[in-house]
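Open the model in your viewer and keep the sequence panel beside it. The stops below say what to select and what is there.

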Amino acid sequence: MAIKAILFDKDGTLIDFEATWRAIAENMAMKAADGDRAEAERLLDVAGYDAENRRFKPDSVFAAGTNAELIALWYPQANEEERHALVASYDDFTAQEGANHAVPLDGVREALTALHENGIKLGVATNDSTLGAEKTLLALGIAQMFAAAYGYDAVANPKPAPDVLHAFADMNGLRPSEVAMVGDNRHDLEMARAAGAGLAVGVLSGTGSRQTLGSLADVILGSVADLPAYIKANP
């Protein structure tokens with residue numbers, strides 16, 4: 001069945017994950033550690049930052065998780081009320097800082113434009129907040145091409161559950177098999193499989209690799225820049 005809509009992960013798929021998030025993550029860890037550098041480095045490590053290689057580990061909390069998961073990891077003693085307040089605070093912070101520092105990946109704007117002009121519905125499915133997704137799309141000047149943006153807080157169950165893809169398909173009057181999912185982590189492709197997506201596309205522009213994505217992807221591309229040509233060649 002022809003692909004009529006595409007959901008994109010955000011970080012590592014549309015924007016450069018390392019360039020956008022490294023300094024933000026370090027600031028978050030220093031805040032959580034009350035300025036204690038050694039503790040901040042420990043927090044970064046448990047959340048998935050590989051200090052030796054200066055990169056985020058694939059499928060880690062940093063690379064694929066939500067702020068709620070990060071709060072649970074960094075503040076295990078917080079009660080429910082404290083956790084809710086911390087998640088709200090982190091959502092606000094990452095939404096603004098992520099948009100302020102978003103670095104688009106090469107060729108993304110041109111690829112999205114080509115897909116949009118060919119009548120394909122575009123959406124974002126991220127484990128960032130919905131506000132963070134919307135602010136980033138606006139900051140990059142590409143929001144007008146997207147029919148919807150879903151964060152982890154937009155559905156009952158975020159990635160890798162199928163909720164987002166089903167919601168996007170329903171909104172556009174499509175079957176899940178007419179929707180493709182594109183992402184750089186296993187969470188993205190696991191959602192595609194769980195939802196019955198028509199195409200699961202792994203990209204190597206983020207934290208994932210052929211090794212981590214290969215068992216779940218229908219195809220692995222270098223980046224979103226390669227997607228229009230692939231879609232055209234595989235109608």
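Select helix H7, residues 130–140, in this predicted model. Helix H7 lies across S4 and S5, and its direction makes about 140 degrees with that of S5.

How many strands form the open sheet, and in what order? There are 6, in the order S5-S4-S1-S6-S7-S8, and the pairing is parallel. Look at the edges: strand S5 (148–150) and strand S8 (219–221) have a single partner strand each, so one side of each is left without a neighbour in the sheet. On average, neighbouring strands of this sheet are turned by 25 degrees against each other, direction ignored.

**Strand S1 and its two partners**

Select strand S1, residues 5–8, together with strand S4, residues 121–125. These two strands pair in the parallel sense over 4 bridges. Alanine 5 has lysine 121 as its bridge partner in S4, and leucine 7 stands opposite glycine 123 in S4.

Show the side chains of S1. Which residues point which way? Ala5 and Leu7 point one way, Ile6 and Phe8 point the other way, and all are buried.

**Strand S7**

Move to strand S7, residues 199–203. S7 runs parallel to S6, and 4 bridges join the two. One of the places to look is glycine 183, whose bridge partner in S7 is glycine 202.

Is S7 mostly covered or mostly open? It is mostly covered, with 5 of its 5 residues buried. Leu199, Val201 and Val203 point one way from S7, while Ala200 and Gly202 point the other way.

**From glycine 202 to proline 235**

Proline 235 has its place in the segment after helix H11 (227–233). Where Gly202 is buried, proline 235 counts as exposed because its relative accessibility is 84%, and the cut-off for exposed is over 50%.

**The cavity**

For the last stop, select Asp11, Val61, Phe62, Gly65 and Asn127. Of the 23 residues that line the largest cavity, these lie nearest its centre. The count comes to 1 cavity of 30 Å³ or more, and the volume of the largest is about 320 Å³.

Which elements give two or more residues to its lining? They are helix H1 (17–32), helix H3 (61–64), helix H4 (67–74) and helix H9 (186–195). Colour the lining by class to finish: 10 residues are nonpolar, 8 are polar and 5 are charged.

How values were computed. Residues are numbered from 1 along each chain as its sequence is written. This is a predicted model: local features need pLDDT of at least 70, side-chain atom pairs count only at pLDDT 80 or more; totals for chains, interfaces and linings use all residues. Side-chain values use heavy atoms; hydrogens and water are left out. Two strands pair if DSSP finds at least two bridges between them. Axes are lines fitted to C-alpha atoms, for helices over the stretch in contact, and angles run from 0 to 180 degrees between N-to-C directions. Contact means heavy atoms within 4.5 Å. On a 1 Å grid over the protein atoms alone, a cavity is a set of points where a 1.4 Å probe fits but cannot get out, and a pocket is an open set with protein on both sides within 12 Å along at least five of seven lines; lining residues have an atom within 4 Å of a point. Grid points are joined across faces, edges and corners, and a volume is the space filled by probe spheres set on the points. Ala, Val, Leu, Ile, Met, Phe, Trp, Tyr, Cys and Pro count as nonpolar, Asp, Glu, Lys and Arg as charged, and the others, Gly among them, as polar. Buried means under 20% relative accessible area, exposed over 50%, partly exposed in between (1.4 Å probe, protein chains only).
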